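Subject: Structure for you to look at

Hi there,

Here is the structure I promised to pass on. Please open it alongside this message, and then read on for what turned up.

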Amino acid sequence: MLVSNWMSALTELCREIANCQNCGLAKHRTNVVPGEGPEDADLLFIGEAPGWHEDQQGRPFVGPAGGFLDHLLASIGLKREEVYIANVIKCRPPQNRDPLPAEIQACRKWLDRQVEIIHPKMIITLGRYSLAKYFPNESIGKIHGKERRLSDCVIYPMYHPAAALHQGSLRQIIEADMLKIPQILAQGEEVARVTVESQQLSLF
Ligand code: URA
């Protein structure tokens, strides 16, 4: 029997993340939560940090906020297995406190490598911490639901799904922002296609 040693870059990266001891959160965790989804996903959703359920299972967004994220994905005809779901922080902060700047810094290289490998067409930031990675001086209240292009990727800020569970008035806003994604993705693909075509033409 032929046994292959080949491992995808993302699987290899998740193994590295699982052994991470780069900050104090490592000693509190039950499981690391690297993220999950296809390596060639068009959409990358970035949340904040694992909560209790995620820490228990080693999977992102499997608690109540995850239930709402599944519902949002279904509203645009997607299943969670079709998108990549990651977090800024890969280990649960004790008592679900906010991540500290030093923890975000220690974890930064993992998310950067995920983005590099997946190379998504669109990154959807969920909440303040992933928004701050791309737009450090912006407020979610002002820029949610407004896409911006960053080289060949579209960054799309949304409120965190948990916000709808704590503040019912945000639910409709989050649902409406989600419904815009397919069209923004299609526009992004069109821009990429035209760019490639004009680059090819300039070669002649
Ligand atoms: N909230 C997050 O930001 N990430 C999770 O994985 C779960 C809840």
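Below are some notes on the ligand and the pockets. Please keep in mind that this is a predicted model.

Let me start with the ligand. Around the ligand sit Gly47, Glu48, Ala49, Glu54, Pro60, Phe61, Asn87 and His160. By class, that shell has three nonpolar, three polar and two charged residues.

Several polar atoms face the ligand. The side chain of Asn87 places an N or O atom 2.8 Å from a ligand nitrogen, and a polar backbone atom of Ala49 is 3.1 Å from a nitrogen of the ligand. On the oxygen side, a backbone N or O atom of Phe61 lies 2.9 Å from a ligand oxygen atom. Of the 240 Å² that the ligand exposes when taken alone, the protein buries 91%.

As for the pocket itself, 26 residues line it, and Glu48, Ala49, Ala65, His160 and Ala162 lie nearest its centre. Helices 2, 3, 5 and 7 each give two or more residues to this lining, with helix 7 giving the most, four residues. The lining of this largest pocket is made up of 13 nonpolar, eight polar and five charged residues.

The second largest pocket has about 180 Å³ of space. It is lined by 16 residues, and His119, Pro120, Lys121, Asp152 and Ala192 are the closest to its centre. Here helix 9 (residues 181-202) gives the most, with five residues. Its lining has eight nonpolar, two polar and six charged residues.

Best wishes

Methods. Residues are numbered from 1 along each chain as its sequence is written. This is a predicted model: local features need pLDDT of at least 70, side-chain atom pairs count only at pLDDT 80 or more; totals for chains, interfaces and linings use all residues. Side-chain values use heavy atoms; hydrogens and water are left out. On a 1 Å grid over the protein atoms alone, a cavity is a set of points where a 1.4 Å probe fits but cannot get out, and a pocket is an open set with protein on both sides within 12 Å along at least five of seven lines; lining residues have an atom within 4 Å of a point. Ala, Val, Leu, Ile, Met, Phe, Trp, Tyr, Cys and Pro count as nonpolar, Asp, Glu, Lys and Arg as charged, and the others, Gly among them, as polar. Grid points are joined across faces, edges and corners, and a volume is the space filled by probe spheres set on the points. A residue is near a molecule or strand if one of its heavy atoms lies within 4 Å of it. A polar contact is a pair of N or O atoms within 3.5 Å; within protein, one must be able to donate a hydrogen and the other to accept it, and residues adjacent in sequence count only if both atoms are side-chain atoms. Accessible areas come from the Shrake-Rupley method with a 1.4 Å probe; for residues, only the protein chains shown count as cover.
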